[in-house]
Each structure stands twice: as C-alpha cells, then as structure tokens.
Amino acid sequence: MNSKFSIHALLKCATICLTTVLISTSCSKQPTTLKDAFQNYYLFGTAINVRHIRGKLPEDMAIVMREFNTITPENMLKWEKVHPEPDRFNFGPVDSMMAFAEKNGLHVIGHTLIWHSQTPGWVFKYDDGEPATREFLLQRMKHHIETVVDRYKGRILGWDVVNEAIDDNGELRNSKWREIIGDDYIQKAFEYARAADPDAQLYYNDYDMWKPVKRNAVVKLVSELQAQGVKVDGIGLQGHWGMDYPIISLGDSAIAAYAALGVNVLITELDISPLPNPWAFTGADISKRFQLTDETNPWPNGLPDSMQTALADRYAELFELFNKYDKNISRVTFWGVSDGMSWLNNYPIRGRTNYPLLFDRNHQPKRAYYAVLNTVLNK
Ligand code: XIL
C-alpha cells in the first residue's frame with residue numbers, strides 16, 4: 001500500500017515538475033518586446049511620420065504599438081510643417097498623432113522648436129521682405145513656442161527645444177537665429193518653452209555628440225545655461241551612426257560628460273547605416289548631399305548575411321554601452337520603424353537601399369533586433 005502510494009506520489013510529483021519545467025522553459029522563450037525587456041532601463045521610442053498617421057503603414061503601426069512606448073514625430077512638429085505661414089498653424093496631423101498616442105498609452109516627444117533647418121525663410125523677415133530685427137524675431141519665436149507648446153501642454157513628455165546649435169568646428173552655428181538675435185537665442189528659447197509648459201522636460205539635441213569637439217562645446221553651452229539659471233532637463237544624442245563610429249570609448253566619454261552635468265541623457269534618433277561611407281561623413285546636417293554611385297549602393301536587393309550579423313553585433317555593443325548608463329539614459333528612440341521608411345534611403349544620397357533599423361522591409365525583426373533584446377535578456 002505504502003509503496004503503491006509512494007509510486008503514485010512520485011509519478012504525480014514528476015508530472016508537476018515536468019510541467020513546471022516545460023512552462024518555465026517556454027516562458028523564458030516566450031517572445032518579449034523591446035519596451036517590456038527594457039522597462040527597468042529606459043523608455044524605448046520610435047519616430048513616426050504623417051503616412052503612419054494617415055493609416056498608410058499599418059504593419060509599421062502594429063510594430064509601434066507592440067514594441068515601443070514613446071513616439072517622436074519625424075517632421076510633423078517642425079516649423080515648416082506645423083507653422084507654414086505667418087498666420088497659419090497646421091495642427092491636424094499632430095492632433096491625430098496625439099489621439100493615437102493617448103489611445104495606446106504612448107509618450108510623445110516634441111521635435112523640434114528651434115532649428116536652422118526646415119524653418120521657412122519668412123520667419124526671418126518682415127512681411128515686406130526686410131530682414132527681421134532682434135526684437136521682432138524674439139517676438140516671433142515666443143509666439144511660435146507659446147502657441148505650439150501650449151496646445152499640447154501636459155501631454156508632451158519633453159521637447160527638443162533647440163536642435164543642432166553647435167557647428168562642426170565646436171563654435172555656435174551661424175544660423176539666422178544667432179545672426180539676428182545673438183547668442184542668447186538659445187537661452188530665450190528655453191525660457192519661452194519653460195513658461196509655456198513648466199512640467200515638460202526640455203532638451204538640447206544635436207548630432208556628432210560623441211566627437212570631443214562637439215562634446216566639449218555642448219558641455220560648455222549647457223553649463224553656461226545652467227549658470228544663467230536655465231534648467232536643461234536632458235541632452236539628446238541624435239545617434240545617426242555607422243559601423244565604425246562612434247568608437248565605444250568616445251561614446252562612453254561623451255555620455256559620461258553629459259551625465260556629469262546632472263541632466264538626463266537621451267539617444268533621440270538612432271539608426272546605424274551599414275552602407276559604405278567613402279567620405280568618412282559622420283554628421284547629419286540635412287543640407288549635406290553626395291552623388292549616388294554603384295559602390296555607395298551595393299545591396300539594392302537585400303543585405304548580405306554577413307552584414308546582418310555585423311549590424312547585429314554593432315547594435316549589441318552600442319546597447320551594452322547604453323545599458324551601462326541606464327541610470328543616466330532616460331530614453332532611446334529609433335529614427336523610424338522599419339527599413340523601408342528610413343530617411344537614410346535618401347540621405348546623404350538620394351535613392352539608396354539602406355538597412356539601418358531593427359525591422360526589415362517586410363516588417364520582420366532582424367538579427368539586430370534579437371541582438372538588442374539579448375543585451376538585457378541575457379543578464
Ligand atoms: C529628417 C527626417 O527624417 C526627414 O524625413 C526630413 O526630410 C529631414 O529631416 N536630424 C534631425 C531630424 O534632428 O529632424 C532629421 O530628420 C534628421 C537629422
């Protein structure tokens with residue numbers, strides 16, 4: 001009786017154990033998502049554009065809802081789109097994007113208030129074509145910032161207040177903003193944005209942020225703003241990077257230098273181009289262009305297997321770096337959802353076939369996607 005009981009108990013126990021092992025194994029293999037895997041690290045975002053909002057890219061939208069918890073409009077909030085004429089604001093697409101975000105519990109980032117690109121020429125002139133004075137342009141800047149920020153007050157997590165104010169030589173860029181207003185245009189933009197939505201986070205955003213010349217200039221700029229009593233909540237590294245830049249040690253020292261200012265660090269526009277870069281061009285000034293040749297567009301029909309692996313390894317080493325600074329990094333945002341809609345198909349050369357994101361043209365996760373996930377799942 002006893003032995004029968006114990007055999008029965010043993011069998012039952014074995015069944016339970018086996019089931020538990022099977023469930024736990026299948027659980028650990030269960031597909032997760034980027035936003036869930038990184039929930040204790042930082043927010044995980046992507047840029048979306050007006051075609052997403054108009055319902056033209058449903059497969060991308062499914063990825064957005066599944067994988068990300070933050071969205072940034074790729075162009076919709078830039079001055080030329082949201083404020084195309086002096087007395088006309090175009091809020092329709094942004095309103096739709098906000099509705100989508102709120103329905104799906106996504107944070108929204110405002111990109112961008114003050115920039116030298118994608119800002120119409122009229123901004124810097126009077127109606128009669130005469131160049132604007134400092135006072136006039138400050139008034140116009142204030143009106144733009146107040147109107148746009150106030151409309152989405154309390155609903156936008158943070159704003160890229162000023163984009164790309166430092167030139168490649170580390171000096172303040174000679175933009176129209178600086179030429180007409182003076183160096184304090186940056187401070188004024190932050191002040192106007194803070195007044196319009198005191199609870200929104202305010203960021204400075206730029207490219208090549210890992211280069212020592214840019215890094216030192218941005219550290220100087222932000223410390224001067226802080227000394228003037230202007231609170232900067234975060235510094236955004238755009239992250240339009242390549243297979244060989246930034247080297248990890250320079251990325252590391254840049255993140256450390258920004259974090260030392262006591263601000264959040266954000267990777268705001270991440271994409272890694274695996275295509276050839278014969279000009280060793282690293283920036284992202286959208287006015288720079290090169291000529292299309294066969295050698296600069298080598299894979300029009302698909303990325304070779306070896307390159308898929310190289311891209312995955314590259315993403316992994318960058319995310320290892322981000323994870324090391326997870327206490328300082330508050331968000332990592334990709335500049336696009338899937339390869340087919342990446343701006344890098346047309347920049348810095350029009351008409352290339354590029355593969356910089358985590359999802360391919362068929363909206364499937366790439367090897368790079370799993371490599372990124374594994375930087376946290378393998379902990
Ligand atoms: C790019 C968009 O992706 C393109 O669609 C547009 O034609 C040009 O601008 N740095 C930035 C982004 O801050 O706003 C830029 O986005 C890419 C470089």
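Visitor: Which side chain is joined to that of His 240 by a polar contact of 2.6 Å?

Guide: Happy to take you there, with the reminder that this is a predicted model. The partner is Glu 269, whose side chain makes a polar contact of 2.6 Å with the side chain of His 240. A polar contact of 2.7 Å also joins the side chains of His 240 and Asp 271. His 240 itself sits in strand β7, which covers residues 240-242. With a relative accessible area of 8%, His 240 falls under the 20% cut-off, so this residue counts as buried. Beyond its neighbours within four places in sequence, His 240 touches Tyr 245, Glu 269, Asp 271, Thr 282, Ala 284, Trp 335 and Trp 343.

For contrast, look at Asn 301, in the loop between β8 (264-273) and α12 (305-324). Its relative accessibility is 79%, so Asn 301 counts as exposed. From Asn 301 to Arg 51 the C-alpha distance is 24 Å, while the two are 250 residues apart in sequence.

Now to a pair of helices. The axes of α10 (residues 212-227) and α11 (residues 248-259) come within 10 Å and cross at roughly 5°, which makes α10 roughly parallel to α11. On the α10 side, the contact is made by Pro 212, Lys 214, Arg 215, Val 218 and Val 219; α11 brings Leu 250, Ser 253, Ala 254, Ala 257 and Tyr 258.

Conventions:
Residues are numbered from 1 along each chain as its sequence is written. This is a predicted model: local features need pLDDT of at least 70, side-chain atom pairs count only at pLDDT 80 or more; totals for chains, interfaces and linings use all residues. Side-chain values use heavy atoms; hydrogens and water are left out. Helices (H or I, at least four residues) and strands (E, at least two) are DSSP runs, numbered from the N terminus. Buried means under 20% relative accessible area, exposed over 50%, partly exposed in between (1.4 Å probe, protein chains only). A polar contact is a pair of N or O atoms within 3.5 Å; within protein, one must be able to donate a hydrogen and the other to accept it, and residues adjacent in sequence count only if both atoms are side-chain atoms. Contact means heavy atoms within 4.5 Å. Axes are lines fitted to C-alpha atoms, for helices over the stretch in contact, and angles run from 0 to 180 degrees between N-to-C directions. Angles under 35 degrees count as roughly parallel, over 145 as roughly antiparallel, 65 to 115 as roughly perpendicular and the rest as oblique.
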